[in-house]
Amino acid sequence: MKINRIKSISTLVACGIASSAYAVDDVPGKQWQFDVALDGKPIGSHTFELQHDGSKQVLTTEASFDVKFLFVTAFRYRHQNTEIWNDGCLMSIDASTDSNGKQLEVRGAIGDRSFDLLSDDGSATLPGCVQTFAYWNPAILESQKLLNSQTGAYEDVTVTLEGREQVPVAGEPVDALRYRLSAAAGDITLWYSAEDNTWVGLEAPAKGGRKIRYQAVVVPGRDASQQLIARSD
């Protein structure tokens with residue numbers, strides 16, 4: 001029974017991703033690109049690309065981090081994920097992570113009235129409308145539970161609006177709202193443009209009391225190349 005369940009989830013995810021890959025419509029996509037630093041030192045990048053497939057949204061994301069010590073890579077992290085969304089709910093997820101040699105897989109798809117999930121911790125049945133830690137989607141700020149695409153854990157979260165401040169985006173200051181998202185791993189700070197609610201920054205805890213910071217290079221409607229063109233005109 002468990003084998004059939006796993007095959008069913010894998011088939012649903014594969015079919016959903018395949019159909020979306022060839023049916024994305026002409027609605028302009030959105031892209032986020034962040035330079036990532038650990039305690040102020042560059043370690044890599046994280047990109048997000050959002051495309052439309054009719055009423056659905058297809059998100060692909062890729063992260064690549066290398067933490068070096070004395071010119072030797074002490075920690076290596078790679079993450080790839082494809083998610084399909086419809087009406088604010090996750091339809092399917094296919095995520096793989098290499099966390100310093102530890103391989104993690106998270107796959108899932110919507111069923112009749114529930115979301116069927118498979119991860120390294122086993123299978124789980126979640127509510128019909130699930131959201132991941134999809135920072136690109138400001139609707140998650142209203143959520144009380146979010147799915148961790150790396151571990152498959154369905155975590156309790158709380159979100160608090162902390163204030164308003166300026167953050168750099170593509171080399172220019174942007175007026176932003178700062179939120180604190182409290183989750184199992186600690187408090188995550190998120191910034192969203194006060195003008196249009198676009199995600200523009202992140203700071204999260206790392207082991208040993210360290211901090212990971214996402215510096216926006218490209219966000220929808222704003223990127224470094226556009227800034228250079230604007231200054232030259």
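Start by selecting Phe 71, which sits in the loop between strand S3 (56-69) and strand S4 (72-86). (Strands here are DSSP runs of E with at least two residues, numbered from the N terminus.) Phe 71 has 82% relative accessibility, so Phe 71 counts as exposed; exposed means over 50% relative accessible area, buried under 20%, and partly exposed in between, with a 1.4 Å probe and protein chains only.

Before you click on, a word about what you're looking at: this is a predicted model, where local features need pLDDT of at least 70 and side-chain atom pairs count only at pLDDT 80 or more, while totals for chains, interfaces and linings use all residues. Residues are numbered from 1 along each chain as its sequence is written, and side-chain values use heavy atoms, with hydrogens and water left out.

Together with Phe 71 they form a nonpolar patch on the surface, with about 460 Å² of accessible area. (Such a patch takes Val, Leu, Ile, Met, Phe, Trp or Tyr residues with over 30% relative accessible area and no salt bridge, their side chains joined within 5 Å; the areas come from the Shrake-Rupley method with a 1.4 Å probe, and only the protein chains shown count as cover.)

**Next stop: the largest pocket**

Select Tyr 77, Asn 148, Gln 150, Pro 205 and Ile 212: of the 44 residues lining the largest pocket, these lie nearest its centre. About 1500 Å³ of space is in there. By class, the lining has 24 nonpolar, twelve polar and eight charged residues.

**Then the cavity**

The structure holds one cavity of 30 Å³ or more. To find the cavity, select the residues lining it, among them Val 167, Trp 191, Arg 213 and Tyr 214. Strand S15 (210-219) gives the most to this lining, with three residues.

**Last stop: salt bridges**

Side chains of opposite charge can pair when their charged atoms come close. There are twelve salt bridges in the structure, each a side-chain nitrogen of Lys or Arg within 4 Å of a carboxyl oxygen of Asp or Glu.

Show Asp 39 and Arg 210, whose side chains meet at 3.1 Å, N to O. Asp 39 is in the loop between strand S1 (30-38) and S2, and Arg 210 is in S15, 171 residues apart. Asp 39 is partly exposed at 42% relative accessibility, and Arg 210 is partly exposed at 35%.

Move on to Arg 180 and Glu 162, which meet in a salt bridge at 2.3 Å, N to O. Arg 180 belongs to strand S12 (residues 172-183) and Glu 162 to strand S11, 18 residues apart.

Finally, pick Arg 164 and Asp 175, a salt bridge at 2.7 Å, N to O. Arg 164 is in S11 and Asp 175 in S12, so this pair ties together parts eleven residues apart in sequence.

Key
On a 1 Å grid over the protein atoms alone, a cavity is a set of points where a 1.4 Å probe fits but cannot get out, and a pocket is an open set with protein on both sides within 12 Å along at least five of seven lines; lining residues have an atom within 4 Å of a point. Grid points are joined across faces, edges and corners, and a volume is the space filled by probe spheres set on the points. Helices (H or I, at least four residues) and strands (E, at least two) are DSSP runs, numbered from the N terminus. Patches are made of residues with over 30% relative accessible area and no salt bridge: like charges are joined within 9 Å, nonpolar side chains (Val, Leu, Ile, Met, Phe, Trp, Tyr) within 5 Å. Ala, Val, Leu, Ile, Met, Phe, Trp, Tyr, Cys and Pro count as nonpolar, Asp, Glu, Lys and Arg as charged, and the others, Gly among them, as polar.
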